[in-house]
Each structure stands twice: as C-alpha cells, then as structure tokens.
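Hello,

Here is the structure I promised to pass on.

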Amino acid sequence: MTDLLKSLRYTLLALLASLLVGAVIIVVTDIDALKVGDYGKAFTTVLTAYRSLFEGSFWGLRSISNTITGTTPLLLSGLAVSVAFKAGLFNIGATGQMLAGGMTALWVGFTMSGPGWLQVPLAVLAGAIGGAIFGGIAGVLKARTGAHEVITTIMLNSIASFLVLWLLKTTLFQREGRPDPISKLIADEAHLPRLFGFLEGRSDLVAHSGFFVALLATYGYWYLLKRTTLGFELRATGLNSDAAKYAGMKSKTLMVVAMLLAGGFAGMAGATEVLGTYGYASTSLAGNIGFDAIAVALLGQSSPIGTLVSALLFGALQAGGRSMQANTDVPVDLIIVLRALIVMFVAAPLLVKAMFRVKSQFSAQGQTFRGWGG
Amino acid sequence: MKLELRGITKRFPGVVANDSVNLSIATGEVLALVGENGAGKSTLMNVLYGLYKADEGEILIDGASKKFNSPADAIASGIGMVHQHFMLVPVFSVAENVVLGSEPTRRLGALDIEQARKMVRDVSDRYNLNLDPDAIVEDLPVGVRQRVEIVKVLLRDAKIVVFDEPTAVLTPSEILEFFEIVRTLIRSGKGVVFITHKLKEALTIADRINVLRRGKVVGDADPKTASEAQIAEMMVGRPVQLTVDKKPADPKQVVLSVKDLSLIDPDGRTVVDQVSFEVRAGEIVGIAGVQGNGQTELVEALSGLRNANSGVVEIDGKDVTKASPRERHSLGMGHVPEDRQRQGLITGMSITENLVLTRYHDNEFCNGMKMRWSDASKKAKELVANYDIRTSDPDQLASTLSGGNQQKVIVARELSRKIGLVLAAQPTRGIDVGSIEYIHEQIVKERDAGTAVLIVSTELDEVMALSDRLLVMYRGKIVADLDPKKISHMDVGLYMAGSRPESAVGSHR
Amino acid sequence: MIKRKGLKSAALAIAAFSLIAGACGGSDSTVTEETVTEETTAETTAALPGEGILACQVTDTGGVDDKGFNQISYKGMQDAEATLGVTIDLLESASDADYAPNLQNFADKGCNIIVTVGFLLGDATKAAAEANPDKNYAIVDSAFDPPIANARGLVFSTDQPSFMAGYLAAGMTKTGVVGTFGGINIPPVSIFMDGFAKGVAYYNAQKGTKVKVLGWDTEKKDGTFAGNFNSLDDGKNIAKSQADEGADIIFPVAGPVGLGSAQFAKESGGKVKIIGVDVDMSISNPDAAEVYIASVLKNIDAAVLAAITDTVNGVKTSDNYVGTLANGGVGVAYTAVPAELQAEVEAIGAGIADGTIKI
C-alpha cells in the first residue's frame with residue numbers, strides 16, 4: 001500500500017508539474033493577449049482551460065462517461081504493453097494486436113445473431129484470441145530466431161493496418177453501398193451494453209460495459225502476476241533472464257506466452273472499441289491508442305494498479321481536452337503536450353524532486369525497463 | 001604529500017556509515033583499509049574523493065584543510081581513485097578511454113589521437129604497465145582493463161591512488177601482476193590506499209593496515225607482526241574460524257558421474273576436453289584452476305544450462321546429459337552458481353521470492369498454477385532464521401542485502417531442498433569473512449549428512465581447505481587428482497599453471 | 001471572434017518545445033508575428049444574411065492544419081464568415097473516439113449547421129443528425145445512403161477534371177508516356193486516376209496517337225499506390241520509376257506523397273512535369289512551382305460555402321451536393337499549358353458539363 005501511495009505521489013506531482021508548464025505554454029501561445037499586455041486575460045484563459053479540462057473529465061455524468069470511454073481501450077492496451085514489459089519484452093505492437101482483435105471481434109459481431117449474453121462474450125473472446133495470435137507471432141519469431149520484438153512488432157503493425165485495409169474492401173467485411181473501407185455494422189445484440197443505458201433519452205452517455213472487461217482484465221493481470229506460478233516466471237524472466245534460466249524456467253516458452261497475453265489484452269481493446277464505441281471497424285480503429293499505451297504502461301510502471309491509474313488519467317485528459325477545446329481557444333493538441341510532459345516528468349523523477357523539493361530517498365527502485373536489452 | 005582524514009562522520013538515514021574516522025597516508029607507503037562489507041570503507045573513500053560530503057570532520061593535505069565538493073576538487077589535490085567497477089567505454093581504444101574527459105586537441109577541437117597514444121605509451125613504459133594504446137577495451141582481459149584505469153589516474157597527476165577492492169575481479173596471476181604495479185607506483189613516489197576484505201592480500205602488500213568495523217576504525221595492525229586471525233577478529237568483532245574444521249570424509253555411492261565430457265564454445269574452441277570424474281555421497285570434491293580454464297563451462301554443462309558436445313553426465317546412475325535444469329533439480333541437484341548477481345538471484349525481487357526461485361513449482365508452495373505465498377513466506381522466515389540471513393523483513397528486495405547475505409540466500413535455498421548433490425561455484429567470491437566461515441560450515445554439514453558436493457573455486461585456499469579430493473583443471477582438462485592434505489599450495493599452484501611439480505604425489509592424467 | 005486554431009497549435013508545439021529545451025527567445029517572437037499576420041478574419045458588419053447563424057466544423061484526426069481537406073473545408077467556413085456574416089466554430093479530433101463527443105458538444109452549443117470532414121466521421125455524423133433533427137449536417141467527401149432528412153454529403157465528380165487533365169497530359173507529353181499513382185486504393189483516390197486514364201484514352205481516340213498511361217489499369221481498376229498519404233520518399237521513388245519507364249508527366253493523387261514527386265521533378269531539371277491535385281499546387285507548393293503544368297481542382301471550400309449558404313437561406317435538404325464542372329465544384333487550373341491545347345481542354349470540359357462527352 002505504501003508503494004502505491006509512493007508511486008501515486010510522483011504521478012500526481014508529475015501531473016502538477018506538467019499543468020504548470022502547460023499553463024506557461026497556454027499563456028505564451030495566447031498571442032493576442034500578450035500583444036496588448038493583457039495578462040489578466042491570459043490568466044483567465046488558463047483558469048478556464050483547466051476548469052473545463054476538469055469539468056470535461058469528471059464533472060457530471062457525461063464527462064464521467066466520456067472519461068470511461070477513453071480509459072477502456074487505453075487500459076486494455078496499456079496492460080498489453082505492461083505484461084510484455086514485465087517479461088522483459090518491449091511490445092510496440094499493441095496497435096497491430098488491437099486491429100487484429102478488433103477484426104475478429106467484428107467478424108463474430110456481424111456474422112452471428114445470437115442472444116447478447118452469448119454473442120458479446122464470444123465476440124470479446126474472439127478479439128482476445130485474434131490479438132493473441134497476432135501478438136504471439138512476434139513471440140514465436142523472437143523465441144525461434146531471436147528477431148528483436150521491437151522490430152517485429154513495428155513491422156506487424158504495418159502488416160495489420162494493410163491487412164485491415166484489404167479486409168475492409170472485401171465483400172465479407174465492407175459495408176454494402178459504401179465505396180470507402182468501412183465495415184459492416186455489428187448486430188444489435190453484439191453491442192456491449194451501455195453503462196448508462198437505463199437512463200432514458202441520454203444517448204450522449206456513450207460509456208459501455210467494455211470498461212468492466214478492462215477492469216476484469218486488470219484484476220486478471222494482477223492475479224497472474226501476484227498469485228500464479230506463470231506470473232512469477234514472467235516476472236523472473238523480465239527482471240533477470242539468466243537467473244530465470246538457472247532456476248529452470250523455459251525462457252523461450254515464456255516469451256511466447258508473454259506476447260500471447262499481451263496480444264490478448266490488446267485484442268480485447270480492439271474488441272471493446274468495435275463492440276462498444278463504434279459498432280463497426282475502420283482503418284483508424286486503433287488510432288494512436290497502441291502508442292499511447294506505451295506511455296500508460298511506462299507511467300504505471302507496468303503494475304496493475306499503476307496501469308489502471310495512468311489509463312484513467314489519460315482517459316480523463318482525453319475527455320477533458322475535448323471540452324477544453326470546445327470552451328476555450330486552447331487547441332486539443334495541448335493534451336498531447338500535457339501527456340508528453342507527464343511522462344517526461346515521471347521519467348525524470350529527479351527533476352520533479354528538485355521542482356518540489358521532495359525529501360526522502362527516491363532512488364532507482366522503481367521498475368526500470370530492460371526491453372531493449374531483450 | 002601527506003593526506004589526513006580527521007574525525008570524519010557521515011550519516012545516512014538510519015545508519016552512521018562513518019563514525020569520527022581518523023586516517024592518514026603519505027606518499028611512498030601502502031595503507032590497507034580492511035573491513036567487512038558494509039563496514040564503511042567505500043563511504044569513507046567516497047568522502048575523500050568528493051562524492052559525498054562528510055557531516056563532520058575535515059580533510060587535510062600537508063596540514064592544510066581542504067574542502068572537496070566534487071571529484072574534480074579531489075583530483076586537483078592529487079587524489080586518484082580506481083573504482084571496483086571500471087568506468088570505461090568498451091568500444092573505445094585504450095588511448096581514447098584514457099583521454100576521455102580531458103582530450104588533447106588540435107586546432108578546431110579535433111582530437112589529437114597521436115598525442116593521446118604518446119601519453120599512454122609514456123605512462124605505460126614508466127610504470128611497466130605494458131599497454132597497447134590502440135587495443136579496444138572490450139577485447140582486453142579484466143586485469144588489463146584495470147591498468148587502463150590506473151593510467152587514467154596517473155595521467156591526472158595523482159599522488160595518492162585509492163584502489164577500491166581491486167583484486168575482487170582479478171585472477172590469481174593478475175593479482176600478482178597487480179601487486180607488482182603497486183610496488184612500482186610506490187617506488188615512483190606515489191602513495192596507495194588499498195581497500196579490501198582479503199586479509200592475505202593486505203598482509204602481502206601493505207605497509208600499514210587499518211581495520212574498520214561498523215563505521216569506526218577499530219585498530220591498526222602491522223603486517224610484519226599481525227596474523228590473519230588477529231585481523232579477522234578485529235574485523236568481525238569475535239574470533240573467526242579461518243580454517244575449515246571437518247572430520248575425515250566417509251564417501252559412499254557415486255552420485256555424480258561425468259564421462260568424457262567435452263564442450264566446444266561458439267568460436268569452435270574446445271573449452272572442456274574429455275573430462276571424466278566422479279563425486280560420491282559424503283565427500284567434497286574441489287576443482288581448482290585459474291579462471292578461464294573451462295570450470296565455468298563445466299559447471300554450466302553439469303547444471304543443464306549448456307549442452308554437452310560429447311560425453312555423458314549421470315546423476316544417481318541416470319543419464320541426464322540432455323536433461324533440463326529443472327529435471328536435474330528434481331533429481332536432487334542443488335546449484336550455487338558462480339555469479340550470484342547474474343544467475344543466482346533476482347535482485348529486483350523480494351528475499352522470499354528468491355528463496356523459492358528454484359522450487360516455487362513444488363507442491364509445497366503451489367496448487368497447480370496458483371502460488372501459495374503464505375507458505376512461501378513461512379518457509380522464507382524459517383530459512384532466514386536458520387541460515388542467519390541478516391534482514392529485518394524477508395519481503396524486502398534482495399538488492400537491499402549485503403553481498404554475503406545475498407550469497408547466504410542462495411546457499412539457504414539450494415541446501416534446504418531435498419538434495420543429494422550440490423554444485424557450488426565460487427561459493428564465497430567477494431563476500432566477507434564472517435559469511436565465508438558460515439557458508440563453509442554449511443557445506444561441510446551438508447557433506448556430513450551424506451550429500452555429494454562439488455566445489456569449483458579459483459581461490460586456492462578455499463578449495464584446499466574444503467575439499468576431500470582435489471582436481472586441478474588446466475586448459476579444459478583435468479590434469480591432477482590430488483589429496484589436499486598431502487600436497488602443498490605451491491605444488492597445486494604449479495599444476496594450475498600447467499606444469500608438473502618434481503615432488504608430485506597423487507595420480508596424473 | 002474565432003481564431004485559426006491550427007496555426008495556434010503549431011505555435012503551441014514550438015512553444016512547448018522551446019520551454020522544455022530551455023530555448024525560449026527568438027522563436028517565440030517569430031511565431032507571434034506569423035500568427036498575427038494570419039489573423040485576418042473579417043469583422044462582421046451589419047446587414048449580412050448570415051447574422052445569428054452558427055456554423056461549426058469537426059475535423060478528422062488530420063486536424064485543421066493538414067494542408068488537405070480539413071484545411072480547405074475550413075477555408076470554406078472562413079469564406080462563409082466573410083461573405084455571409086455567420087459565426088464559425090471549430091473542433092479538432094485527436095482520435096476517432098473524439099468524433100461523437102465533438103459532435104455532441106456542437107449540438108449542445110446550438111450550431112445551425114455542422115460540417116464534418118471525411119468518411120471516417122460518417123457513422124458519427126449519421127447518429128448526430130438523427131439525434132438532432134433540427135440541425136443541418138454536411139459531410140465532406142462522403143454521402144448518406146439511405147438519405148437522412150437533415151444531412152447531406154458533399155461529394156465531387158473528380159473524374160471530370162481528371163479526364164481533362166488526362167487529355168491535357170496526352171497532348172503535352174513528348175515521350176508518349178504519362179504516369180499516375182495514388183495514395184491508397186480507395187474510391188476517392190482511384191476515381192482521379194480512372195478519369196485521368198480515360199482522358200488519355202480519349203485523346204488517343206481523337207488524335208490517333210498511342211500515349212501510354214502508367215500506374216492505372218482501367219479494366220482491372222487497379223494500379224500503383226504508395227500505400228500511405230505521407231511518405232515523400234515514396235512519392236519520389238514512384239515518380240522516378242515511372243520516369244525511368246519513360247513518363248514525362250505524372251499525376252500523383254496522394255496528398256503529401258505527391259510533394260515528393262514534385263521534388264523529383266524539380267531535380268530532373270524540367271524533364272518531368274507534374275499535374276497537381278485538389279488545389280492549385282503551383283501556388284500551394286511554391287518550392288517547386290515550376291514543375292506543375294496544371295492542377296486538378298476539387299473545390300471543397302466552395303462546397304462547404306454552398307452548404308452553409310443553404311442553411312442561411314433556410315434550406316434543409318438531404319440532397320447531396322455534387323461538385324461538377326458545371327457548378328464549379330471541380331475544375332482545372334492551368335499553369336503552363338499551350339494556349340491551343342488549353343482551349344481544346346476547356347472545350348472538352350464544356351462538353352462534359354453539358355453532357356455531350358460521357359466519361
């Protein structure tokens with residue numbers, strides 16, 4: 001518990017630090033106000049921007065719903081990067097795995113027409129399997145040939161995006177009457193139920209039960225790491241593969257298993273996006289989520305709770321950023337800057353420490369990433 | 001030049017690392033600073049080198065008080081430091097490494113590599129270091145790398161050179177060469193501070209010995225009169241058993257049998273050449289040899305981490321030549337690996353987790369895939385108590401333990417399993433006297449309980465003291481099978497160097 | 001007053017960078033001036049018909065400064081502000097997940113017409129239009145089938161000007177070989193290439209020549225594609241390989257990829273010429289203005305302006321706006337075309353517009 005508090009504290013301080021820098025950026029870029037020397041207006045802009053950032057992420061049902069919607073795929077794909085990190089692998093391929101999982105989930109979503117209680121879990125499972133197979137390729141390549149997973153997962157991302165483009169133009173997937181690469185809509189029963197579906201006339205509350213899938217997956221990840229022999233083996237391999245071999249663990253099998261799990265999580269991210277958020281698939285289904293997931297995992301130090309917290313933070317920034325853009329002249333790009341700053345401040349704890357004069361030892365006891373060492 | 005530390009106190013949260021330490025060293029002499037791991041030797045030297053600021057006390061050079069805020073100040077005052085872990089760029093040449101940070105330049109800042117080469121040659125010749133300025137550091141043996149560090153220090157005009165555990169990484173012959181270098185330095189008017197926990201070395205090379213215990217200087221010793229046992233007692237604070245006390249062995253059935261084992265490394269060199277031997281229940285067989293004569297590879301093959309190219313390995317009569325490490329573990333093999341940080345431990349995991357690293361899959365600790373950490377914790381508490389592992393909480397990371405206690409974790413884990421065979425490689429490398437004594441006791445106890453023990457060590461004293469039977473390895477072959485009670489250190493040393501003593505006893509191969 | 005947010009985000013990125021790099025100073029002031037000179041939004045004056053109308057645009061993930069359809073659409077918005085006096089607002093989408101919430105934000109804000117850009121916003125626009133029947137929706141480069149009462153597509157018959165460009169290229173080639181290639185094989189792209197190839201074929205039929213087209217096969221509906229819309233290197237390489245096969249006029253339909261082709265043409269020292277796409281590239285790409293002989297225009301801004309004008313006039317329709325040669329929604333800009341040939345091409349354009357020439 002103290003570890004959690006400790007890691008939370010630095011994340012929060014990093015958030016605070018980046019909001020400060022962000023404020024300076026808002027002021028500096030508010031050219032009009034600066035030009036006439038209207039510092040009061042600049043100050044107001046910052047206040048309004050941050051107020052709508054907060055309100056857009058946590059104030060009121062719609063904001064919470066938007067935050068949940070944004071968090072869901074970030075959390076699942078963040079787990080995909082985290083589980084690989086734990087095993088000492090650097091999974092850049094969440095994008096490709098999401099696409100693969102999204103497409104398999106989509107296929108189950110529009111070909112079947114069973115009752116929802118059957119079709120939804122089946123489609124999510126199909127997404128996990130699709131993603132797992134795709135992630136597993138990188139694992140097998142590494143175990144068999146030693147091909148570095150950073151290279152292979154990046155390449156597999158490209159392969160996935162072209163595969164999706166091609167699939168979306170086949171008659172199996174392409175929506176009838178549409179010239180562009182966009183898929184058929186999934187069956188009504190295949191939709192992940194909306195969280196606030198019980199509220200009449202609130203179609204703006206888009207959050208769906210994919211969030212529970214993500215929370216369940218996070219619990220599963222925690223259980224795996226802390227309570228199973230496999231999790232112990234994965235962690236051991238990630239921290240010291242020589243010692244793991246010495247202890248009799250099968251490092252090659254573990255590589256493949258880690259990538260299968262990673263792909264499974266990312267595949268679920270693709271599945272919940274298709275089955276919950278969109279109801280169809282397009283080439284930009286995965287967007288930047290696969291890469292934001294790396295930041296999520298990094299920020300969360302690959303721990304289950306850390307990944308959850310940082311995914312929530314990023315999801316909230318995403319939702320709040322939209323309302324900030326709508327209410328002020330501050331462009332949504334500020335959110336990208338803020339996210340980058342948070343990660344940077346977390347990666348540079350000494351800087352944060354100096355900024356806030358945090359006492360106590362803050363040594364390199366956090367998880368360090370050994371992915372490149374492979 | 002005369003350097004003096006007066007009343008140095010350095011506190012860290014919860015510990016006083018140095019407690020009003022007084023120390024002095026002049027050019028022309030070797031001062032050995034000995035103490036167990038964690039006694040405060042390194043802290044003291046880091047204060048001297050400007051890396052830490054002392055809470056109290058002062059540093060005087062030729063009687064004048066100095067303030068060191070950074071290593072640059074220390075270097076400017078003529079103090080040089082050779083760290084235990086070298087700070088070299090592996091892909092650079094010797095000359096490039098030596099000038100790194102103060103590169104001689106030509107116009108426009110171009111690196112004057114010719115000048116750098118000349119500087120290295122000059123220093124190398126003057127101190128007999130025998131260094132090739134153009135050699136690439138990563139190709140050099142550890143002993144030569146250390147000389148590169150020494151050149152770096154000398155080029156920065158050090159009058160007093162501090163060596164932090166310089167022999168920990170060296171082979172016996174490199175240690176001898178190192179001592180020669182130290183003597184040359186002294187003859188050239190330098191002063192040397194030699195930090196070590198190896199008493200024999202301190203006695204060999206030092207003019208004076210200071211003993212540190214728990215941050216305090218607890219005594220001075222004159223190497224001409226003091227004995228190893230006296231100094232060890234000062235270090236540990238109680239009388240220490242330096243020799244191993246054991247009954248004669250009572251060997252029973254063959255447990256480990258190795259027949260014509262050969263190993264070829266990826267470069268095609270034969271590193272282990274047709275090796276055959278047996279280890280019986282209830283005996284300790286030692287393998288002596290200079291580092292790099294195939295012992296590491298032999299142990300890897302015996303433990304299943306490396307495939308044999310030819311030959312047969314049997315445990316209890318079962319052919320395990322192609323068995324995985326786990327299969328061998330289940331046949332009752334315990335393995336204390338050579339490199340505890342790299343193989344034996346996962347320092348980023350807790351002590352408890354490390355204590356079950358090779359047995360987490362036993363029914364004792366899991367139901368199928370589900371770990372029972374409560375049982376693991378119970379076991380860990382028991383082992384921490386039984387094996388005298390000094391920690392307040394087994395849930396702390398293994399990295400928080402001292403080297404000796406880390407090694408005790410490994411020994412505890414491996415010896416507490418149901419085993420009939422122990423492979424122990426370098427079981428006491430780099431750990432303090434107290435822990436060595438303890439680990440030796442445990443190994444002998446295991447033998448007396450009927451376990452077959454194979455010890456591989458480059459520390460001749462250790463194998464001589466522990467073994468009931470002594471094999472010597474040279475260039476991948478076993479060149480001698482000796483009775484350690486009937487042969488002198490000197491003669492074993494000759495076998496290790498590849499020659500055969502006149503007064504040879506025992507059988508040869 | 002609404003600002004050019006795109007420029008501001010560029011300024012923001014630079015400011016962020018210089019803050020972090022600790023390199024504040026000069027760069028900020030240049031940003032200031034650039035932005036100020038670009039701040040030329042017209043002040044609304046009284047008596048314009050669009051007074052009180054709020055027109056809003058949601059971009060796709062390219063953002064408003066994409067030098068592509070988002071930016072051109074926004075130009076249409078600004079034109080509407082200047083000429084009709086409407087108030088305009090803009091939301092950029094950072095990811096696909098932003099579409100629905102952005103549309104929701106605009107609906108809440110009381111926008112009278114909401115313009116969305118690109119087929120990726122199709123489903124979100126459909127949902128928003130159905131949820132808000134009192135508002136008008138228009139989507140650039142896409143259409144609704146079945147139609148929605150208050151939403152329309154803004155689409156373009158780009159095969160028409162491409163056909164003219166093909167004829168033009170066939171008339172100007174010295175080697176008898178011309179080339180085209182696309183970004184990704186999707187209809188909004190391939191329609192250009194198809195029109196271009198048919199224009200060349202038409203020239204051959206008229207003049208009895210045998211000008212060859214590289215990069216598109218009218219029969220198979222397939223051709224050369226870069227596989228992306230952003231690699232200038234790909235544009236360079238494809239142009240080079242087509243030039244190696246003899247092509248001296250190339251028509252890239254691939255956004256920024258085409259800029260790489262222009263770069264290659266520039267380096268070829270006048271041997272290879274380029275036909276621009278979407279906008280008059282001899283103006284929008286001044287670095288290589290001399291390599292363009294003409295550009296195929298897709299006047300998205302005109303379409304956006306037309307859609308807003310309809311809303312201002314109280315017209316609610318589900319009819320798609322189709323940009324044609326006839327209504328000026330598409331066209332050709334000539335940069336370096338001989339006068340007679342230009343007249344011939346214009347005549348063909350007129351023929352397409354009045355239906356006498358079928359593509």
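A salt bridge here is a side-chain nitrogen of Lys or Arg within 4 Å of a carboxyl oxygen of Asp or Glu. One of these joins E353(B) to R235(A), with 2.7 Å between the closest N and O atoms. Between chain B and chain A the count is three salt bridges.

Before going on: this is a predicted model, in which local features need pLDDT of at least 70 and side-chain atom pairs pLDDT 80 or more, while totals for chains, interfaces and linings use all residues. Residues are numbered from 1 along each chain, chains are lettered from A in the order written, and side-chain values use heavy atoms, without hydrogens or water.

Back to the interface: 27 residues of chain B are in contact (heavy atoms within 4.5 Å) with 19 residues of chain A. About 2,000 Å² is buried between the two chains, counted as the accessible area (1.4 Å probe) that both lose on being put together, summed over both. Carbon and sulfur atoms give 63% of that area.

There is also a nonpolar core to look at, meaning buried Ala, Val, Leu, Ile, Met, Phe, Trp, Tyr and Cys residues joined through side-chain atoms within 4.5 Å; buried is under 20% relative accessible area (1.4 Å probe, protein chains only). The largest such core has 142 residues, and M249(A) and L275(A) have the most contacts inside it. Beyond its neighbours within four places in sequence, L275(A) is in contact with residues including A105(A), V120(A), I186(A) and H191(A). Another core, of 85 residues, lies apart from the largest one, and L165(A) and V177(C) are among its members.

Best wishes

Methods: Buried < 20%, exposed > 50% of the residue type's maximum accessible area, 1.4 Å probe, protein only.
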